[in-house]
Amino acid sequence: MSDSTILSPTAHSHAFVQSQREAAFNDPATYWATQAKELLAWRSQWHTTKDTSFDPKNVNIRWFDGGTLNVAENCIDRHLATRGDKPAIIWEPDSPHDPKRILTYSDLHREVSRAANMLLSLGVKPGDRVTIYMPMIPEAAIAMLACARIGAPHSVVFGGFSAQALRSRIEDCESSVIITADGGMRGGKVIDLKNNVDTALEGLSDTKVLVFRHTGHRVSWVEERDIWWQELAETVAAECEAKPFDAEHPLFILYTSGSTGKPKGLLHTSGGYLLYATHTFQHVFDYQEEDVYWCTADVGWITGHSYIVYGPLAAGATTLMFEGVPTYPDAGRFWEIVEKYRVSLFYTAPTAIRMLQREGDDFVTRYDRSSLRILGSVGEPINPEAWQWYHTVVGNKTCHLVDTWWQTETGGHMITPLPGVDETPPGSATQPYFGIRPVLHNTDGQALEAAASGALCIADSWPGQARTIWGDHARFVETYFSAFPGTYFSGDAANRDEQGNYWIEGRMDDVINMAGHRLGTAEIEAAINAHSDIAESAVVGIPDDIKGQAIYAFVIMKPNKHLDDEIRTAINGLLRREVGPIASLKYIQEAPGLPKTRSGKIMRRILRKIAAGEVTSKNHYDKLGDISTLVNPEQVDALVEGRLQ
């Protein structure tokens, strides 16, 4: 950033941020206790602020133990006296020609209370799980807050996931109620959510389906099971008492893909998570009372949980929800909305930035963006070219840019610049957030000092941390605390420069980050292998100019079968059905075999290098490292020769 660049003012000062960083680092329990008292409304005081252990023999994470609160009360009720008429949620529809909706905090209180009573009438009790499979409409947030109000942990499933993916998540957390809509709108097209729910529930009993009428298209109906939201709402009261729950009471389960096995249901609890989402929202976005805040994510992901719903509403902010896509009806849609609502805080993904950059500057500059003060990036590392375009063209060089690194598991921002304080080298996540202690490890498990590159771990707990994997604490310990004992292992690699800035280098495991969506190789390969002509498959992520990563598949055909366009089409059809449209393959290469160790493990690092074009001949095999231990090193030649461009 040049000295001549004029940036919008922030409330942060270097002295304030430095004092906060020191206090949180030196005595995290005292720091977070003070913040919890200032930022949240508690019904009763906790007896223990921090009770945590990263020892693999005893992983335990508890914050504000014994304290009680109600999350929905913190997000709505306590604002009514001073912000009752303030917009809480602005909803912008898919089409700019359809009517918008604005819900004040008073409106939100009424609708959430009514929805909570609807759930109670369906027999939902504290601790019961509720699955939410909704489009990006206010009722998605209302359903989440209604669950929080009555102590029923919710499991939000992204509306782009298939019926099979939905079913696996319903079965894993044993949901008793599914909340959905007849459909959603995306780029002028109807997404048939209700049909997916029907397919997901085939053969399952003892579930109720609450359906919000949104698009108005015809849907199939199962009497005694399916209930229209609007009809049930007319039968219940608009007041529902917000009862207190323990700080460690489950708030939600959110599924994230792993490198092996089924998706992991990360469990977040109430007090610590809400505090951390609120705290990070206020400081990372330098939130001021008059701001209009817009995060373009979907509530089906952790970004939507923390930075569309819980963080902004607990802070008393105005949060904007958008059902559409950035290129419909044209590539100026985002900036039209920024102008329309005078958005001041804007948070989106590098994939969207790169997509819009490709469309040209005119779609941006034709709209008034002078209201923008903070620009945020989330979901994947942002490349310097996209960073510069975002800052220069979208922000007109007047906005602070915060490139945030965090995960479903962390609940909130972990490494991020604070606007007006931290230098922001394009592409760097920069500095740890208050109280966060990153450590880089080499492959031998040694902690690395000063400038270094290694496995990114966190040395101590923070309030927003996930507590476990639903129903499988052993997997939680194995996934996050066994590789580097005494620390939380993020699964990412990072580089720390001489100024102490962190640069995220991407996943070290087999998770593919495509357009900010984490996709597990196990789920994708299982879908491919379901094709009757496929004997085995392996998928890896390769660099993609727009999505960050694309999926490259190697498939071994059964005897006397060969890959053709018909099979390629069928494989992508299986992926749409089993995982969702987001899992489509860019390349499918027929392979005579896969490089494996003598124990049978597929060497994906070799496949990644081949697929990415890093190895083009035997002269380049030094880039693969030692392949002498492979049971079938000769397969490498064939894979390199058969690589698709």
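**Close-up 1. Lining of the second largest cavity.** In this predicted model, Val156, Val157, Phe158, Phe161, Arg169, Leu254, Tyr255, Gly300 and Trp301 line the second largest cavity. A cavity is a set of points on a 1 Å grid over the protein atoms alone where a 1.4 Å probe fits but cannot get out; lining residues have an atom within 4 Å of a point. Its volume is about 40 Å³, meaning the space filled by probe spheres set on points joined across faces, edges and corners. Seven lining residues are nonpolar, one is polar and one is charged. Asp, Glu, Lys and Arg count as charged; Ala, Val, Leu, Ile, Met, Phe, Trp, Tyr, Cys and Pro as nonpolar; the others, Gly among them, as polar.

**Close-up 2. The largest cavity.** About 60 Å³ of space lies here. Helix H6 (138–150) and strand S14 (250–256) each supply at least two lining residues. Helices (H or I, at least four residues) and strands (E, at least two) are DSSP runs, numbered from the N terminus. The lining includes Cys147, Phe245 and His249.

Close-up 3. Five of the five residues of S8 (residues 177–181) are buried, so the strand is largely enclosed by the rest of the structure. Buried means under 20% relative accessible area (1.4 Å probe, protein chains only). Val177, Ile179 and Ala181 point one way, Ile178 and Thr180 the other. S6 (residues 130–133) runs parallel to S8, joined by four bridges; pairing takes at least two DSSP bridges. Threonine 131 stands opposite isoleucine 178. S11 (residues 208–212) pairs with S8 in the parallel sense over five bridges.

Residues are numbered from 1 along each chain as its sequence is written. Local features need pLDDT of at least 70, side-chain atom pairs count only at pLDDT 80 or more, and totals for chains, interfaces and linings use all residues; side-chain values use heavy atoms, without hydrogens and water.

Note on methods: 1 Å grid on protein atoms, 1.4 Å probe; cavity = no way out; pocket = protein on both sides within 12 Å on 5 of 7 lines; lining within 4 Å. Buried < 20%, exposed > 50% of the residue type's maximum accessible area, 1.4 Å probe, protein only.
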